[in-house]
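Welcome! Here is a friendly tour of a protein complex, written for someone new to reading structures. Take a look at it first, and then we will go through it together.

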Amino acid sequence: MSATISIQQVTGSGPTLTTITNLRFNTDDTANPGTSNPMIRPANVGDINRSYAKTIYLNADTTPVGTINNVKVFCDGAIGWTGCTLKIGTKGSYTQAAGTQGTTGTASSVATSNIERYTSSAPKQVTGSISNPNTGRISDYIVMQVSITSSAGVGTLNAENLSFQYDET
Amino acid sequence: MNTTATFTVDGIIAEAQFASPGGRVDESDWLGHSTGGLWSKVGSPKSLYVAVSPIHDQDETPRLVNKELELLDTFMGGSVE
């Protein structure tokens with residue numbers, strides 16, 4: 001029987017773990033923020049605001065029969081958010097997101113690659129594995145952050161699909 | 001066995017907010033000037049809130065310099081409230 005897999009969002013200094021099916025970018029360090037602290041479009045051409053960096057990982061809620069490894073993450077190659085860039089990176093340890101709440105996040109030193117370069121045919125490899133009888137975090141921490149320019153549209157961004165792919169024995 | 005797990009990402013983007021129309025400017029809002037400035041709203045077709053330095057009459061009532069208002073009005077193509 002296959003292991004039960006979830007995606008955990010990591011927030012706070014604790015940190016706090018939250019099982020998510022949707023990750024909302026905003027300007028605070030919370031999961032499922034609703035409409036609070038939205039990202040802010042900069043007023044001036046050339047300026048960049050950012051979301052807070054958002055951290056997730058792939059988790060094994062139940063143990064696999066054998067091993068889960070070869071974790072990859074990818075999108076469809078086109079994030080359709082005008083004036084915005086979604087960047088991604090991975091790290092073996094967790095760092096709490098920082099910034100000025102309600103205004104902009106601090107530029108992440110981890111999320112530095114445009115996620116659009118990672119597709120099903122060229123996914124981003126993510127370090128990590130888990131074997132029976134263990135449960136818990138499988139992958140490294142995946143950090144994502146949105147950069148917003150003055151040409152961004154105001155309002156709710158269309159939901160974009162991201163996928164994890166992994167091998168399980 | 002090769003397996004995938006899909007999730008979605010989204011967000012909300014809002015306009016930068018500068019100050020409430022007609023509100024007074026604190027030093028923390030407007031560095032380089034002392035307390036006492038005014039925010040003024042420039043009207044249609046878009047709204048723009050601008051900080052203007054207070055010019056004090058003898059009765060200490062802050063007012064705008066007419067030339068500033070004319071320039072803002074021309075720039076925005078609207079009226080000054």
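How many disulfides does a search of the whole structure find over all chains?

The search finds zero disulfides over all chains; here a disulfide is a pair of cysteine sulfur atoms within 2.5 Å. As background, a disulfide is a covalent bond between the sulfur atoms of two cysteines. A:Cys75 is in no disulfide, and the nearest cysteine sulfur, in A:Cys84, is 14 Å away.

A:Cys75 has a relative accessibility of 4%, and A:Cys84 has 11%.

## How to read this model

This is a predicted model, where local features need pLDDT of at least 70, side-chain atom pairs count only at pLDDT 80 or more, and totals for chains, interfaces and linings use all residues. Residues are numbered from 1 along each chain as its sequence is written, chains are lettered from A and ligands numbered from 1 in the order in which they are written, and side-chain values use heavy atoms, leaving out hydrogens and water.

The predictor gives the complex an ipTM of 0.92 and a pTM of 0.75.

## Chain B and its confidence

Chain B has one helix and five strands, in the order β-β-β-β-β-α along the sequence. Helices (H or I, at least four residues) and strands (E, at least two) are DSSP runs, numbered from the N terminus. Of the 81 residues in chain B, 26% are buried. The chain exposes about 5200 Å², with 52% of that supplied by carbon and sulfur atoms; such areas come from the Shrake-Rupley method with a 1.4 Å probe, and for residues only the protein chains shown count as cover.

How confident is the predictor? Its confidence in each residue is called pLDDT and runs from 0 to 100. For chain B the mean is 55, and 20% of the residues reach 70 or more. Over residues 19-51 of chain B, pLDDT stays under 50, and the model has 71 contacts beyond four places in sequence for them. A contact means heavy atoms within 4.5 Å. Residues 53-57 of chain B also stay under 50, with 14 such contacts.

## Where the chains touch

Strand E1 of chain B holds B:Thr8. Leaving out residues up to four places away in sequence, B:Thr8 touches A:Thr21, A:Asn22, A:Leu23, A:Ala159, A:Glu160 and A:Asn161. The side chains of B:Thr8 and A:Asn22 are joined by a polar contact of 2.6 Å. A polar contact is a pair of N or O atoms within 3.5 Å; within protein, one must be able to donate a hydrogen and the other to accept it, and residues adjacent in sequence count only if both atoms are side-chain atoms.

On the chain A side, A:Ser163 lies in strand E16 (residues 155-168). A:Ser163 is buried at 11% relative accessibility, and its side chain makes a polar contact of 3.0 Å with that of B:Thr6. A:Thr156 is in strand E16 too, but A:Thr156 is exposed, with a relative accessible area of 53%. Beyond its neighbours within four places in sequence, A:Thr156 is in contact with A:Arg24, B:Gly11 and B:Ile12.

## The nonpolar cores

A nonpolar core is a set of buried Ala, Val, Leu, Ile, Met, Phe, Trp, Tyr and Cys residues joined through side-chain atoms within 4.5 Å. The largest one has 37 residues, and those touching the most other members are A:Phe25, A:Ile56, A:Trp81, A:Leu86, A:Met144 and A:Phe164. Elements giving two or more residues to this core include strands E1 (5-11) and E16 of chain A, together with E1 of chain B. A second, separate core has six residues, among them A:Tyr52 and A:Val110.

A:Trp81 has contacts in both chains: beyond four places in sequence, its partners include A:Phe25, A:Leu86, B:Val9 and B:Asp10.

Definitions and conventions. pLDDT = per-residue confidence, 0-100. Buried < 20%, exposed > 50% of the residue type's maximum accessible area, 1.4 Å probe, protein only.
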